[in-house]
Amino acid sequence: MSHVEKEVLEKLYRGELPLDEQLEVLEHISSCEYCAAAFAEVAEEMTLVKAPANLKNSIMHQAGALPVQLQTRKYALSKNMQLMLYSMKIGAAVLCSIIMLFTMDANMLHIPETALPGTTWLSDTADKVTQSIHTFTDQFIHGEVIKND
Ligand SMILES: [Zn+2]
């Protein structure tokens, strides 16, 4: 008898060989190192074929869960960053306005009467607005606005 073919060894491993053939092959394997090694290889291969089925499932399961989670967190983080940057921009704008209010010279709103005849009322109104802003900011500095509320 020549060496046992791989197909036969696989059938033997799966128990698909008729009993007489099974005995014949086993007898050969027991006396042939080459076929014994081949049978061991087949047995190893067929065990490994079963493993990836579970392995693949678990890998797919984890692969599906982890990166998606990371991706979602990254997205949420960037949203938070955007919100923070937006808030900082608003804060900077408010700060600029306040600084402008404090540093604004009342005289800046004066419109020379010679340049714009008959607009004294505008200049007066601007004066009044500037004055009330100054009063308000002064009160704000000394906490009077908060106290009176
Ligand atoms: Zn052999």
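View 1. Five helices and zero strands make up the count for the protein chain, and its pattern along the sequence reads α-α-α-α-α. Helices (H or I, at least four residues) and strands (E, at least two) are DSSP runs, numbered from the N terminus. Residues are numbered from 1 along each chain as its sequence is written. Because this is a predicted model, local features need pLDDT of at least 70 and side-chain atom pairs count only at pLDDT 80 or more, while totals for chains, interfaces and linings use all residues. Of the 149 residues, 5% count as buried; buried means 20 or more other C-beta atoms within 10 Å of a residue's own, exposed means 12 or fewer, and partly exposed is in between, with C-beta atoms placed from the backbone.

**View 2. Here is the largest nonpolar core.** Such a core is a set of buried Ala, Val, Leu, Ile, Met, Phe, Trp, Tyr and Cys residues joined through C-beta atoms within 7 Å. Look for its eight residues: Val 4, Val 8, Leu 9, Val 25, Ile 29, Cys 35, Phe 39 and Val 42.

View 3. Leu 23 counts as exposed because it has 11 C-beta neighbours inside 10 Å. Leu 12 is 11 residues away from Leu 23 in sequence, and their C-alpha atoms are 9.7 Å apart.

**View 4. Now visit Leu 101 in helix α3.** Leu 101 is partly exposed because 14 other C-beta atoms lie within 10 Å. Leaving aside neighbours within four places in sequence, Leu 101 is in contact with Ile 133 and Thr 137; contact means that C-beta atoms, placed from the backbone, lie within 7 Å. Leu 101 and Thr 130 are 29 residues apart in sequence, with 9.2 Å from C-alpha to C-alpha.

Conventions: Contact = placed C-beta atoms within 7 Å.
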